[in-house]
Amino acid sequence: MTEFERVYRAYFQDVFLYARALSGDEKTAEEITAETFLKAMSALDGFRGQCEIRVWLCQIAKHTYLTRQRKQRHVLPVDSAADCADGLDVEQAVLSAQTAQTVHQALHVLKEPYKEVFSLRVFGELPFRQIAALFGKTENWACVTYHRAKAMLKAQLEETYENHL
């Protein structure tokens with residue numbers, strides 16, 4: 001087995017869950033994960049070992065996701081246009097989109113590491129043990145950081161809601 005195959009087998013699931021936490025979408029996470037390992041394959045010889053390889057792979061995934069988001073910023077998803085054309089309740093779709101937008105905006109305001117820990121726990125469904133390993137911290141740190149992020153997010157959403165009344 002080659003070094004790359006060993007890395008792929010050992011870290012595929014972690015990278016996929018991280019990508020899913022970032023994107024909130026399984027298909028997008030699959031694409032990001034595939035692209036991450038393609039980039040890692042060409043750069044594996046240059047990996048200096050200054051951090052865990054899992055952290056390095058997740059950094060590649062994060063940069064891949066952010067680049068993808070920048071490119072797609074002004075593109076209307078085909079699914080959205082198809083939903084409207086199929087006669088779905090447009091008003092309900094707009095309200096759902098606004099709610100999701102509000103939550104994502106509140107999450108975006110959180111500072112690191114709160115934003116990332118919250119995303120990994122909620123969207124990536126990672127246990128505190130794995131989150132702690134990604135950051136090189138203790139499991140208790142991951143748990144406390146998650147609960148603080150949750151409280152900050154709740155406060156931000158309550159403030160947003162009160163401002164719209």
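Buried, in these legends, means under 20% relative accessible area, exposed means over 50%, and partly exposed is anything in between (1.4 Å probe, protein chains only). By that rule, buried residues make up 32% of the 165 residues in the chain. What you're looking at is a predicted model, where local features need pLDDT of at least 70, side-chain atom pairs count only at pLDDT 80 or more, and totals for chains, interfaces and linings use all residues. Residues are numbered from 1 along each chain as its sequence is written, and side-chain values use heavy atoms, with hydrogens and water left out.

**View 1. The chain has eight helices and zero strands.** Helices (H or I, at least four residues) and strands (E, at least two) are DSSP runs, numbered from the N terminus. Contact means heavy atoms within 4.5 Å. Take the contacts with a separation of 6 or more: 60% of them come from residues 24 or more positions apart.

**View 2. Here's helix α3, residues 53-71.** Its 19 residues should span 27 Å at 1.5 Å a residue, and the end C-alpha atoms are 27 Å apart, which agrees. The expected span is 1.5 Å times one less than the number of residues. Buried residues of α3 include I53, W56, L57 and Y65. The buried residues of this helix pack against α1 (3-23), α2 (26-43) and α7 (128-135).

**View 3. Now for the largest nonpolar core, with 36 residues.** Such a core is a set of buried Ala, Val, Leu, Ile, Met, Phe, Trp, Tyr and Cys residues joined through side-chain atoms within 4.5 Å. F37, I53, W56, L57, L120 and I131 have the most contacts inside it. Helix α1 gives the largest share of this core, nine residues. Leaving aside neighbours within four places in sequence, L120 touches Y18, A21, E125, L126, I131, L134 and F135.

**View 4. Zoom in on E116, in helix α6.** E116 is buried, with a relative accessible area of 16%. Beyond its neighbours within four places in sequence, E116 is in contact with Y18, K62 and F135.

**View 5. Last up, the rings of F135 and W141.** Rings of Phe, Tyr and Trp (its six-membered ring) pair if their centres lie within 6.5 Å; planes under 30 degrees apart count as stacked, over 60 as edge-to-face and the rest as tilted. These two centres are 5.2 Å apart with planes at 50°, so the pair is tilted. F135 is partly exposed, at 26% relative accessible area, and W141 is partly exposed too, at 23%.
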